[in-house]
Amino acid sequence: MDDSGYMALALDLAHEAGAAGEVPVGALVVSDGEIVGRGFNQPIGRHDPTAHAEIMALRGASAHLGNYRLPGCTLYVTLEPCAMCAGAIMHARIERVVFGARDPKTGAAGSVLDLFAESRLNHHTAVVGDVLAAECGSLLSSFFAARRGRTLVA
């Protein structure tokens, strides 16, 4: 499967988050072609500010692989990671991050800042952005428009 295929699966997880009333972001971790971790945003339901999609997927992958380090793994997420998630991704030694929509308010992979490019840090994760960006962005826009009581015209 290619990046777009895995991102489509992450979008399915984002829909689960939206159906639960959470911001619709989904993530998964892939190791050697196998999905080893899945997650979607759950901070509201879990009363946990760290329960972002990426963190949930990292937790699942770490439990599945029996290691807090995830070298050789790729994390797919529908929204550009925030600073908290970027830090966790680097601490887990994720090899590559692939994200969908950019986040102009909290994105830490180039939109607001780029923690992944910070040369003073000891681990560097490769980043690929804008994979299925229109689909990922549309899901988020629709979710927030509905919360504000507006509908979007396609």
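Which elements cover the buried residues of α1? Before I answer, some conventions. This is a predicted model, in which local features need pLDDT of at least 70, side-chain atom pairs count only at pLDDT 80 or more, and totals for chains, interfaces and linings use all residues. Residues are numbered from 1 along each chain as its sequence is written, and side-chain values use heavy atoms, with hydrogens and water left out. Helices (H or I, at least four residues) and strands (E, at least two) are DSSP runs, numbered from the N terminus.

The cover of α1 includes β1 (26-31), β2 (34-40), β3 (74-79), β4 (96-101) and α5 (133-147); contact means heavy atoms within 4.5 Å. Buried, meaning under 20% relative accessible area with a 1.4 Å probe and protein chains only, applies in α1 to Gly5, Tyr6, Met7, Ala10, Leu11, Leu13, Ala14 and Ala17.

Helix α1 itself comprises 17 residues, 3-19, and reaches 24 Å from first C-alpha to last, close to the expected 24 Å. That expectation is 1.5 Å times one less than the number of residues. After α1 comes Gly21, with a positive phi near 85 degrees.

I turn to the sheet. Its five strands form an open sheet in the order β2-β1-β3-β4-β5, with mixed pairing; two strands pair if DSSP finds at least two bridges between them. At the edges, β2 and β5 (126-128) each pair on one side only. From one strand to the next, the twist averages 20 degrees.

Strands β4 and β5 run parallel and are joined by three bridges. Val97 stands opposite Val127 in β5.

Finally, α5 lies across β3 and β4, at about 60 degrees to β4. Axes are lines fitted to C-alpha atoms, for helices over the stretch in contact, and angles run from 0 to 180 degrees between N-to-C directions.

Methods. Buried < 20%, exposed > 50% of the residue type's maximum accessible area, 1.4 Å probe, protein only.
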